[in-house]
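This report takes a two-chain model from overall dimensions to single residues. Please keep the structure open while reading.

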Amino acid sequence: MKRSFLKETLKYLEVAKVNYLNTSVYTVNLISRSVLVVVRIWAFTQLYQVAFAASRSTEIGGLTVPMVIWILMMTQSFQSSTRPHVSQLIDEEVKSGTLAYMVNRPYSYALFHYFGYLGRTFSSLWVNLAIGSLVSLALVGLIDFNWWGLLFGLGLLIFGVTLNFLIYLIIGLTAFWVEDTSAFTWIYSKGQLVFGGLILPLALFPENLLRIAEILPFSQLFYSAARVVVDFDLSLFWHYALIQIAWLAFFGLIAYQMFQRGIKNVSINGG
Amino acid sequence: MFQLMGADMHQIRRVFSYLGLTLEVTKLSILSAMEYRVSFLTQVVGMIINDLGLVLVWLIFFQKFTSVNGWGFPEMALLFAISTVNHSLLMIFARGAHHLGRFIARGELDYFLSYPKNVLWHACVSKTDISSIGDLIFGLGIFFLFGQPTFEKFIAFLGISIVTALIIFNFNVITQSLTFYFGNFEEAAEQMHHALLGLALYPQTSFYGGLKIVTLTVLPAFFIAAVPVQILQGFNLSLWLTLLVFWLTTSLLAVFVFQKGLRRYESGSLINVHL
């Protein structure tokens, strides 16, 4: 029992490794993604420096300009690393019928995609974070990091990346019933943009909107991790972790139900 | 003299013939997409909701910070109107420009080379992005809601949208054509496109120093965002001329980079069936 679990784990880790190496080979692509993050950080730095100066404040919502920039660097790096979207891959597999073959292979379809996604994400993530950190350091300097913040932030990031996977999995699985899933992907990515702290950290939201935004899944993808890393607060960590767990359970259940129902269509139509 | 005039007339007729063909090709693509009604509507409505999200971010931003160097929500609304309309025009009529790198890298230009029409034109009009119709509707809607529209302003708005769409088109042709020279450059070109659009969607008055130089050169957001908003806020002949000169310069550069690259192109020996 123990041995078979170990074998299974190694199998999925191998899937992650293959995807990690496959993404790492295309260095031009990796660097070009980081360049995009750099341009954005540069633009955000100038934007927030001007905006904070215009409002004659050095701190808004508990955040200074350097803290805002480090948060945005992290959310942008996290988000940009999760491409290509899993929904796109699943959508293609459902439409082309490849899924019918994949479900008969000796692995779980969802776990296969999950570990592949983790491999791809982490290969771009460290490049984005390394380049993004250097640029943030040069533009706004270092902020007061806390080791606990980094550790707990990493925990929230793993939950957030998993939550992101589940939502894309659900969007991809809608291809069982809907012809084109791209519209759902756009709406989801705009939800991330508005409430995910990719342009405007949630701490800068008006108070009543902040309360709503914090319990939405979008803010729990990447923002919660970045926020805890930049300004560690244990109670904030637990607040975010509980919201994440609730959303993980909710979307996990939906994804499971959708997969079970969708797969019946594959059996009937033969892919 | 008469010979020169004859040559000019021939060129003008050629341009009109290509414009007519572009409209015909796009019309066919849209009609064929409309056959799948649910998918068509999902894409168009999805894009409108997507655009609303972006406006919402800046609406929240300008609740907290009322102004960024004199740039407030009304300026942002004008910027969104221009940006969504010019981008939609590009993606509806010439989405292929966005795929040039892929065509080059995979040897798919062979198909377009076998036709008597201009290769660059044919490759660019070969794809239409249906969801961009949503962008177009959204941009026009925002202009009529927040742009304080008058007849003259609307004409200026359309003119600016077309010229800036052509500038983005040139930018795409230049960056995507770099695949001729550097091989696997599609993703980099795609990221440059996103970087340009990204920079064009921030308050333009916040940029200074090195970043300002970037927006004036490598990623010319200044010409597709800052200048158009200024023109719409008050007619300015010198800004119009700046925009037109920039468009002409980038057009010449785009044709040069593509044509020179095409000579280096090696056939992919692919047999493709285009339906």
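Accessible areas come from the Shrake-Rupley method with a 1.4 Å probe, and for residues only the protein chains shown count as cover.

This is a predicted model, in which local features need pLDDT of at least 70 and side-chain atom pairs count only at pLDDT 80 or more, while totals for chains, interfaces and linings use all residues. Residues are numbered from 1 along each chain as its sequence is written, chains are lettered from A and ligands numbered from 1 in the order in which they are written, and side-chain values use heavy atoms, with hydrogens and water left out.

## The two chains

Chain B has 13 helices and 0 strands. Chain A has 11 helices and 0 strands. Helices (H or I, at least four residues) and strands (E, at least two) are DSSP runs, numbered from the N terminus.

The table sets out the chain values.

| Chain | C-alpha extent along principal axes | Buried residues | Accessible surface |
|---|---|---|---|
| Chain A | roughly 65 × 40 × 40 Å | 56% of 271 residues | about 12400 Å² |

Buried means under 20% relative accessible area, exposed over 50%, and partly exposed in between (1.4 Å probe, protein chains only).

Chain A has 11 helices. Its radius of gyration is 20 Å, close to the 18 Å that the globule rule gives for 271 residues, so chain A is as compact as a globular protein of that length. Chain B has 13 helices. Its radius of gyration is 20 Å, close to the 19 Å from the globule rule for 275 residues, so chain B is also as compact as a globular protein of its length. The radius is taken over C-alpha atoms; the rule is 2.2 Å times the number of residues to the power 0.38.

Contact means heavy atoms within 4.5 Å. Among contacts with a separation of 6 or more, residues 24 or more positions apart account for 79% in chain A and 75% in chain B.

Chain A carries 17 positive and 13 negative side chains, with the centres of the two sets 8 Å apart. Chain B carries 15 positive and 14 negative, with centres 4 Å apart. Lys and Arg count as positive, Asp and Glu as negative; His and the chain ends are not counted. Each charge is placed at NZ of Lys, CZ of Arg, CG of Asp or CD of Glu.

## The interface

Chain B gives 38 residues to the contact and chain A gives 36. Together they bury about 3400 Å², 74% of it on carbon and sulfur atoms. Ile60(B), Phe65(B) and Tyr202(B) supply 17% of the area that chain B buries against chain A, more than any other three residues. Buried area is the accessible area (1.4 Å probe) that two parts lose on being put together, summed over both.

Val140(A) is found in helix 6 (residues 109-140). It is buried, because its relative accessibility is 17%. Beyond residues up to four places away in sequence, Val140(A) touches Thr45(A), Gln49(A), Pro66(A), Ile69(A) and Trp70(A).

Arg227(A) is found in helix 10 (residues 223-230). Arg227(A) is buried at 12% relative accessible area. Leaving aside neighbours within four places in sequence, its contacts include Gly61(A), Leu63(A) and Tyr240(A).
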